[in-house]
Amino acid sequence: MSANARYGVCPDKCSGGKPDRQMDVHEMLLSRLPESIQSEIKISGSAKRCTYCGLVYLRTTKDFGRRLGFWDSGIGGPGWTS
Ligand SMILES: [Zn+2]
């Protein structure tokens with residue numbers, strides 16, 4: 001198991017935040033996020049999104065699990081919520 005495997009679940013520990021629900025934030029989603037968030041992700045290197053609760057978070061070792069906000073969240077509604 002790699003070190004990151006331990007952290008494969010949603011940082012919010014939402015009920016459906018299993019490792020297979022954690023997707024990379026791809027270019028297409030990235031371009032729809034607020035500019036400040038985009039640059040933060042670019043500086044960090046990459047981000048992930050929990051497809052269950054919508055949480056977008058940084059995934060590098062240094063910043064792991066730092067929460068940025070939500071995209072299409074069941075709670076916050078469609079689009080970006082922070
Ligand atoms: Zn989640």
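**View 1. A hairpin links β4 to β5 through three residues.** Strands here are DSSP E runs of at least two residues, and helices are H or I runs of at least four, both numbered from the N terminus. β4 and β5 (residues 77-81) pair in the antiparallel sense over three bridges; strands count as paired if DSSP finds at least two bridges between them. Look for Phe70, which stands opposite Thr81 in β5. This is a predicted model, in which local features need pLDDT of at least 70 and side-chain atom pairs count only at pLDDT 80 or more, while totals for chains, interfaces and linings use all residues. Residues are numbered from 1 along each chain as its sequence is written.

**View 2. β3 and β4 run antiparallel.** Three bridges join these strands, and Val56 stands opposite Gly69 in β4.

**View 3. The largest nonpolar core has 13 residues.** Such a core is a set of buried Ala, Val, Leu, Ile, Met, Phe, Trp, Tyr and Cys residues joined through C-beta atoms within 7 Å. β2 (47-50), β3 (55-58) and β4 (67-73) each supply at least two of its residues, and β3 gives the most, with four. Leu68 is among those with the most contacts inside the core. Beyond its neighbours within four places in sequence, Leu68 is in contact (C-beta atoms, placed from the backbone, within 7 Å) with Ile37, Glu40, Ala47, Val56, Tyr57 and Leu58.

**View 4. Helix α2 (residues 35-44) is hardly covered.** Of its 10 residues, one is buried, meaning that 20 or more other C-beta atoms lie within 10 Å of its own. After α2 comes Gly45, with a positive phi near 120°.

Terms used:
Buried ≥ 20, exposed ≤ 12 C-beta atoms within 10 Å, placed from the backbone. Contact = placed C-beta atoms within 7 Å.
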